[in-house]
Amino acid sequence: MVRFTLMKRFLSALAMATISLTPAMAENDVLIIAHRGASAERPEHTLAAYERAIDQGADYIEPDLVVTKDLVLVSRHENELSETTDVSSREEFETRRREKMIDGQLVAGWFAEDFTLEELRTLRAKERIPGIRPANVAFNGLYQVPTFEEIVKLVRAKEAETDRKIGLYPELKHPTFLLEEAGIDLVDVFLRDARELDITASDPIFIQSFEVSALRRLNQRGDFKLVQLIHPQGGPADEPDMRYAEMKTPAGLADIAQYADGIGVNISAVLSADGKPTSLVADAENAGLEVHAWTLRPENTFLPQSLKSSGGDAAHGNVAALQALLISAGVSGIFADDPGGAVVVRHGAR
């Protein structure tokens, strides 16, 4: 998922509104999607974060998928590795540092597609935002970068343990860039792994992307449920003449419905600055699309002033009130960094 700057601006505006937790929330069926696992409690995109989220009752876990030089799918929020691993401190990989133009932005660092899986497995995960999540720093260095195969095996083991279905919600990261830069077809690699891991469209799985062509190809080649991600600004990297703002109009949603089953949008697309619902959920439903909103984060730094608690930026505020507004707006899924808390709120226990 995208960085939190735009969300923070929206939530600052939302602080002007009167927000309250409504009693009508009890026992609704909104999906709780563990955003990068239980990322408020463990370093994101680690097996520990995914297992923690499953144990807390999340309906789906969300692995962002990038790919190694030898075509193995692994889970990182971005293909650039330095924010979430110790690669920058590893002398043996010092010469791997590169600058690449990714989706119109110059990015410097170390990139998954330049490493074999064997090399990548020597790295260790670390907390991405240690100033906000200092408790997660205690887990730095404990976990490897997981493969998609390991994540699927974890899900199946937990399904056998808990006797409940656990969904997968992978995001294909930068497929056009990888095809043009490295000659790697991320759609082909994903479908290969899906076949080998016996993942079918009848399983609880959504596949998401900010790009259009990858989803259109997936739609042509199978029956998986697909979700078009829509950023608050700009447009898809593979469609330079297309704007995300136009994709949220009734006409744009009707076009998305030709190849996808839902949209994934920033909370600011669902709630206006005064906390009231926009027309997006109703418009999407008219087009036959589900709406999944991102991202609920519990820390004060991500919340409007009216929902902050005492204790500084890293302390947890009243994120339940924001979740209540999203549920009232009619979204069918919510991405959450604290899936355990979101599950509790969903069942009306707060």
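**Close-up views of a predicted model**

**View 1. Helix α2 passes helix α4 in a right-handed crossing.** The structure shown is a predicted model. Helix α2 spans residues 47-55 and helix α4 spans residues 148-162. Their axes come within 11 Å and cross at roughly 25 degrees. Because angles under 35 degrees count as roughly parallel, α2 is roughly parallel to α4.

**View 2. Residues of α2 meet residues of α4.** On the α2 side the contact comprises Leu47, Tyr50, Glu51, Ile54 and Asp55. On the α4 side are Glu150, Ile151, Leu154, Val155 and Lys158. The residues of this contact divide into six nonpolar and four charged, with no polar ones.

**View 3. His45 has a positive phi in the loop between β1 and α2.** Strand β1 covers 31-35. Phi of His45 is near 55 degrees, and His45 is a residue other than glycine. Most residues other than glycine have a negative phi. His45 counts as buried because its relative accessibility is 1%, with buried meaning under 20%.

**View 4. Asp163 has a positive phi in the loop between α4 and β7.** Strand β7 covers 167-168. Phi of Asp163 is about 60 degrees, although Asp163 is not a glycine. With a relative accessibility of 73%, Asp163 counts as exposed, a term that applies over 50%.

**View 5. A cis peptide bond joins Trp294 and Thr295.** Omega of this bond is about -5 degrees. Thr295 lies in strand β12, which spans residues 290-296. Most peptide bonds are trans.

Terms used: Residues numbered from 1 in each chain as written. Predicted model: local features only at pLDDT ≥ 70, side-chain atom pairs only at ≥ 80, totals over all residues. Heavy atoms only, no water. Axes fitted to C-alpha atoms, helices over the stretch in contact; angles between N-to-C directions. Helix = DSSP H or I, 4+ residues; strand = E, 2+ residues; numbered from the N terminus. Parallel < 35°, antiparallel > 145°, perpendicular 65-115°, else oblique. Left-handed = near helix turned anticlockwise from the far one by under 90°. Contact = heavy atoms within 4.5 Å. Nonpolar A, V, L, I, M, F, W, Y, C, P; charged D, E, K, R; others polar. Buried < 20%, exposed > 50% of the residue type's maximum accessible area, 1.4 Å probe, protein only.
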